[in-house]
Amino acid sequence: MMLKRDKKEEEDGGNPFNNLEKSSVLQEARIFNETPINPRRCGHILTKILYLINQGETIGATEATEAFFAMTKLFQSKDTTLRRLVYLGIKEMSKIANDVIIVTSSLMKDMTGKEDQFRGPSIRALCSITDHMMLQSIERYMKQAIVDKVSAVSSAALVSSLHLSHVSQEVTKRWVNEAQEAVNSDNMMVQYHALGLLYHIRKKDKLAVNKLVSKFSKHSLRSPYAYCLLIRIASKLIEEEDAGSESPMFDFIENCLRHKNEMVIYEAAHAIVNMKNTTAKDLAPAVSVLQLFCGSPKPTLRFAAVRTLNKVAMKHPAAVTACNLDLESLITDVNRSIATLAITTLLKTGNESSVDRLMKQISSFMSEISDEFKIVVVHAIRSLCAKFPRKHNVLMTFLSSMLRDEGGFDYKRAIVDCIITVIEENPEAKEAGLAHLCEFIEDCEHTVLATRILHLLGREGPRTPSPSKYIRFIYNRVILENAAVRAAAVSAIAKFGAHCDELLPSCVVLLERCQLDTDDEVRDRATFYVSILKQQQKSLNSAYILNGLQVSVVGLERAVHNYTLEPSETPFDLKSVPLATQTMTEQKTVTSRDTGDMGMTKTVDKPVASRVDVYAEQLSAVPELANLGPLFRSSQPVELTESETEYVVQCIKHTFSHYLVFQFDCTNTLNDQLLENVSVHMDGSDGFEVMKYINCSNLPYDKPGTTYTLVRLPEEPTSVTGTFTCTLKFIVKDCDPNTGEPDDEGYEDEYVLEDVEVNVADHVQKVIKANFGASWEEVGPENELEDTYALSSMSTLEEAVKNIIQYLGMQPCERSDKVPEGKSSHTLYLAGVFRGGHDALVRAKLALTDDSGVTMQLTVRSTDPNVSEVLATAIA
Amino acid sequence: MGLFDMLARWLGVKKKEANVLVVGLDNSGKTTILNQLKPDDTKAHDIVPTVGFNVEKFATKSLSFTAFDMSGQGRYRNLWEHYYRECHGVIFVVDSSDKLRMVVAKDELDQLLQHPDVKNRRIPILFFANKMDMREAVSSVKCSSLMELELIRDKPWHICASNAMTGEGLHEGVEWLTDQIKDLVDKKK
């Protein structure tokens, strides 16, 4: 009967499991309880359950437990297929059902039994249900299984040990000898898995890993998989040590290029081309191997080779140029993915003259390739634009025609990203690019992209020669789109109004119309902007329209929430909210989601808790540190020890308005010691006063612990920098390395750490001002300070810019951190907020002189005179 | 196939099958008893505390048994109930040398008897007063009074003293259980 039904379903051409219903399948699972067992039917139902779980169906704990216990009864069947399905079922259900421990003994019996078919899978199932406590009791059997002569059993045990090491690193470490023995196995998989386990056990100990690699690279392994793993380990070591081709590991990898197995050869070539410190000579053999692969009859090899070359082409275009001929022949490959990668590689390595020809070739089969490869093409075009700015015309037209084609969200986003970078990097392409984007939003189904483009138009549009032509595109959105896009359009129009005086009256008219919108958010924004624009004050425009809110969204949410919990007479102070941290890399994502008004943005992706928010939460959990006020800034961690020493200590500086908190993350790397009452004693410079040490009560081996030191800042507002000597003080208790059992008696000891520096950057938070000029006027010249310095130690403008940014810890605006090539002078704009919430802006005019390095004219404006003084003297 | 099966059963060639549940406190000898009952070639050499349960098979002359050997450790006892419904008989093993925990055993027995899956069925219960060879062991009669077995009126039960190490007393008990289950099956027909 069932057979017939199956057949019918197959004839329908569909998946027989397509329309399964969870509840009815679980109902069917009750027949597991019947005796005698019908293996065929039970197997079928078990398959259904596995299918459902793998499709992501969630099964509640009670239902799962019921089905699980029914399944345990299938252990009485001797049917191999059914039993192996049961093992799979146990593995899948081990995380959702309760009391899964019930099958422990049954599985242990199977793993030591006679039937080899049961032994491997039962080991895997057993390890998935085993917790920390049970691990001891199966240890003996696992050790036996690892060295079992049946390869399936040995492999299963090795892989399971890897999984178990997440449960308890300590126990699996004791299986080293068995794994060592298994590496010598003749079976390819066993050897591979054993090597994997050995590496995993030792991976924290760099010396041991070094030994491991040098040992196995000499005595030849049989398994190509093991070879590949060894190559990966070796290349990771090279990367960590920052070594180049002189390392013995490199010789090993290079030797692998002559291995007889293609997989190993590819892995070695891949490893070499991805290394950091390689010369053209080191690369040559690897590239020539890849070149050979390009002509292979196997499509997989061709694909792997061309994909790797494609990635390398950015870093070492010269090395890849040697393969150009082979790549040319791959353009016509029947496999479109290979062809695309070949063309994009050529685009990256080719010269300006070949661009037109290649673009034509791509457009001939653009419609035949999948979105994923179209994105590869887009990335190639992006790098082309950076390389040949003069070609922007051809490339822009190509991009815009791609934009008009069908395509998924990721594809469109890649194109929009690409156009935006081109606009930002190449001022000549700006007008054309903005025009293409305007055209695109006329027919754009992705709200996220539309809002992003509108934001960009709002920022860039007003500064073009004829801003008025963009207004029409933007206002069309107000008429035609959904609420989120309308709101973004309103913000964009307001920016035009704020920036261009001649457009102000018409912008106000448009915004007044938006006040009749059906959506609250759109109306609110329109009302808000109209009333500000009508004031006609530059400073208001700058603060509320052109430059957005600078606080962290998560922090704002928490602060407002706290305020509503404890209402007080004093109004809510925006300065108490931690600022959004914007590092250089994050800048792009931040600008894309910050649509520039009171933080009520609806189009925000999920706001991520920034580092400061995470630290603020951690610090407020410590009762002694809870009442210091809002956390202003947290520095990047600084290492106070060498990484290989007995105790590893990192320091993070947290700045509050009147205090500094030094957070020391300590790790004890001695397994025969337990540290108690750990604290870091600091001896400070003048004015800094150590208030309190908050000890870490105990610090066992390899478990990080944290201790804090609280320091009050000097009263004198201009003394902000200092150096502290640090000593780690603690009570040592010797303990047994295996059990961790400590002695009762301890003795005091100390350990000298490196000094901690507090500099100006620790008191400044980076803030991005989208419109620096407006902010400069807004702050005004009251507290302006100006001075000229000769920076004789710097030889280039780039170096000077980098050092100034690092020293002041402020955010470069208007892309002024990038020095155009071949210029001898440059102006750097920096924006930030000083501790206490004072806005600070810096303008540094740099000029390169032949004899005395770089000359700098530094102008500082701030809302507080002391801040100006601190910043102006910081460089000297 | 079906026809052949029936014919075989009718001729009494194929044995009937029965599920039994083996329960009792930890260290009372459940796994050892089953190990003794198994055919010689499948016997295990060392017995370790059971975690969860094990399925064992053994046969008497006329029945083949599938035994669910449950773990007796405190934290697993609440899992016995998952296997009550399908069993045709229960073997309850008592350590007759452990007078101190006899009350605990009685407690577990009462819970078993009160369980909805057991309460209204006439399933036979076989008691092994195990470890009879120990010096401090009590007799089976004393054991049954300590366990207040005489209060079980709605189910057939039987107690025998046993020594799982030598196999003494086991076969007498299993014979009784075989007869009871066959009776039950015959009555149902």
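User: Why is Asn677(A) called partly exposed?

Analyst: In this predicted model, Asn677(A) has a relative accessibility of 40%. Buried would require under 20% and exposed over 50%, so a value of 40% makes Asn677(A) partly exposed. Asn677(A) belongs to strand β5 of chain A, residues 673-683. Its phi is positive, about 45°, although Asn677(A) is not a glycine.

User: What makes Asn27(B) exposed?

Analyst: Its relative accessibility is 60%. The cut-off for exposed is over 50%, so Asn27(B) counts as exposed. Asn27(B) lies in the loop between β1 (16-24) and α2 (30-37) of chain B. Asn27(B) is not a glycine, yet has a positive phi of about 60°.

User: Is Ser28(B) buried or exposed, and how do you know?

Analyst: Ser28(B) has a relative accessible area of 1%. Buried means under 20%, so Ser28(B) is buried. Ser28(B) is also found in the loop between β1 and α2 of chain B. Leaving aside neighbours within four places in sequence, Ser28(B) is in contact with Val93(B), Val94(B), Asp95(B), Asn130(B) and Lys131(B).

User: What is the overall make-up of chain B, and how much of it counts as buried?

Analyst: Chain B has 6 helices and 6 strands, and along the sequence they follow the pattern α-β-α-β-β-β-α-α-β-α-β-α. Of its 189 residues, 50% count as buried. Chain B exposes about 9,900 Å², with carbon and sulfur atoms supplying 54% of that area. Among its contacts between residues at least 6 apart in sequence, 74% join residues at least 24 apart.

User: Why are α25(A) and α27(A) called roughly parallel?

Analyst: The axes of helix α25 (residues 409-425) and helix α27 (residues 447-460) of chain A cross at roughly 10° and come within 11 Å. Angles under 35 degrees count as roughly parallel, so α25(A) and α27(A) are roughly parallel to each other. On the α25(A) side the contact includes Phe409(A), Val416(A), Ile420(A) and Ile423(A), and on the α27(A) side it includes Val448(A), Leu449(A), Ile453(A) and Leu456(A). By class, the residues of this contact are 8 nonpolar, no polar and 6 charged.

User: How do you know that α21(A) and α23(A) are roughly parallel?

Analyst: Helix α21 (residues 336-349) and helix α23 (residues 371-387) of chain A pack at an angle of about 5°, and their axes are 9 Å apart. The limit for roughly parallel is under 35 degrees, and α21(A) and α23(A) are therefore roughly parallel. Among the residues making the contact are Thr340(A), Leu341(A), Thr344(A) and Leu347(A) of α21(A), together with Phe373(A), Val376(A), Val377(A) and Ala380(A) of α23(A). The contact of α21(A) with α23(A) has 7 nonpolar, 5 polar and 2 charged residues.

User: What makes Leu454(A) buried, and what does Leu454(A) touch?

Analyst: Leu454(A) has 0% relative accessibility. The cut-off for buried is under 20%, so Leu454(A) counts as buried. Leu454(A) sits in helix α27 of chain A. Not counting residues up to four places away in sequence, Leu454(A) touches Ile441(A), Ile474(A), Arg477(A), Val485(A), Ala488(A), Ala489(A) and Ala492(A). Leu454(A) and Ile474(A) are 20 residues apart in sequence, and their C-alpha atoms are 7.2 Å apart.

User: Which residues of helix α28 of chain A are buried, and what covers them?

Analyst: The buried residues of α28 (residues 468-480) are Tyr470(A), Ile471(A), Phe473(A), Ile474(A), Tyr475(A), Arg477(A) and Val478(A). Their cover includes α26 (430-442), α27, α29 (483-499) and α30 (504-514) of chain A.

User: How many disulfides does the structure hold, and where does Cys256(A) stand?

Analyst: The structure holds 0 disulfides over all chains. For Cys256(A), the nearest cysteine sulfur is that of Cys228(A), 8.5 Å away. The limit is within 2.5 Å, so Cys256(A) is in no disulfide. Cys256(A) has a relative accessible area of 3% and is buried.

How values were computed:
Residues numbered from 1 in each chain as written. Chains lettered and ligands numbered in written order. Predicted model: local features only at pLDDT ≥ 70, side-chain atom pairs only at ≥ 80, totals over all residues. Heavy atoms only, no water. Helix = DSSP H or I, 4+ residues; strand = E, 2+ residues; numbered from the N terminus. Buried < 20%, exposed > 50% of the residue type's maximum accessible area, 1.4 Å probe, protein only. Contact = heavy atoms within 4.5 Å. Areas by Shrake-Rupley, 256 points an atom, 1.4 Å probe, with all protein chains shown as cover. Axes fitted to C-alpha atoms, helices over the stretch in contact; angles between N-to-C directions. Parallel < 35°, antiparallel > 145°, perpendicular 65-115°, else oblique. Nonpolar A, V, L, I, M, F, W, Y, C, P; charged D, E, K, R; others polar.
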